[in-house]
Amino acid sequence: PIACYCPAGMDSFQLDMATTTVPIGKVEVCHRKGQQMPLGWGVTANGSRSTMDPSEVLAGGGLTPLGGLEETAGYKGYGLNMMVEILCAVLSGCGSVGPDVPPWRNDRGRPVDYGHCFLCVDPERLLPGGVFQGALAAYLC
């Protein structure tokens, strides 16, 4: 996921989002309810086709990146996913990266080894005197 917070005086910009078309929780809800998912949320285990069956995604398939499949520029979301993985897993020294990360389930068989990356930017260093907050407040109006 990606999160961003920027203060703007009495207002702020806040973003918290998955880097996939939908978070895995939405697939799990469809699975528990016995419902199909919308086409484009996930792919089969070999990644060759989109599926509407949540059990296929949960049994080794995967979520589509932001943008969906290749035809709808999903490669851009895939690149964004890789950037997040590099910053959060590779840079923080995780033992499991990419496809080696265990599934987010109780029966995964090993401890979770997830990493995090926090980037903090002091706007005063770039735009002294509260210029950033003022400009952002005007932009958000």
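1. Strand β1 (residues 2-8) and strand β2 (residues 11-17) run antiparallel and are joined by seven bridges. Strands here are DSSP runs of E, at least two residues long; helices are runs of H or I, at least four residues long; both are numbered from the N terminus. Two strands count as paired if DSSP finds at least two bridges between them. Cys-4 stands opposite Leu-15 in β2. Two residues lie between the strands of this hairpin, and Gly-9 takes a positive phi near 70 degrees.

2. **Basis of the values.** This is a predicted model, in which local features need pLDDT of at least 70 and side-chain atom pairs count only at pLDDT 80 or more, while totals for chains, interfaces and linings use all residues. Residues are numbered from 1 along each chain as its sequence is written, and side-chain values use heavy atoms, with hydrogens and water left out.

3. Strands of a sheet pair through backbone hydrogen bonds, either parallel or antiparallel. Three strands form an open sheet here, in the order β4-β3-β5, with antiparallel pairing. β4 (50-51) and β5 (62-63) stand at the edges with a single partner strand each, so one side of each has no neighbour in the sheet. Strand β3 (residues 42-43) is joined to β5 by two bridges. Gly-42 stands opposite Leu-63 in β5.

4. **Overall layout.** The protein chain has five helices and five strands. From the N terminus on, the order is β-β-α-β-β-α-β-α-α-α. The radius of gyration is 19 Å, well over the 14 Å that the globule rule gives for 141 residues, so the chain is more spread out than a compact globule. That radius is taken over C-alpha atoms, and the rule is 2.2 Å times the number of residues to the power 0.38. Along the principal axes, the C-alpha atoms fill a box of roughly 55 × 35 × 30 Å.

5. Of the 141 residues, 24% count as buried. Buried means under 20% relative accessible area, exposed means over 50%, and partly exposed lies in between (1.4 Å probe, protein chains only). Among contacts with a separation of 6 or more, residues 24 or more positions apart account for 34%. A contact means heavy atoms within 4.5 Å. The chain exposes about 9700 Å², and carbon and sulfur atoms supply 61% of it. Areas come from the Shrake-Rupley method with a 1.4 Å probe; for residues, only the protein chains shown count as cover.

6. **Helix α3: Leu-80.** Leu-80 lies in helix α3 (residues 74-90). Leu-80 is partly exposed, at 26% relative accessible area. Leaving aside residues up to four places away in sequence, Leu-80 touches Ile-2, Thr-19 and Leu-66. Pro-54 is 26 residues from Leu-80 along the chain, and their C-alpha atoms are separated by 24 Å.

7. Tyr-78, Met-82, Ile-86 and Val-90 form a nonpolar surface patch, with about 400 Å² of accessible area together. Patch residues have over 30% relative accessible area and no salt bridge; like charges are joined within 9 Å, nonpolar side chains (Val, Leu, Ile, Met, Phe, Trp, Tyr) within 5 Å. Ile-86 is in helix α3 and is partly exposed at 45% relative accessibility.

8. **The salt bridge.** The count comes to one salt bridge, defined as a side-chain nitrogen of Lys or Arg within 4 Å of a carboxyl oxygen of Asp or Glu. Arg-49 and Glu-56 form it, at 3.2 Å, N to O. Arg-49 is partly exposed, at 44% relative accessible area. Glu-56 is partly exposed too, at 24%.
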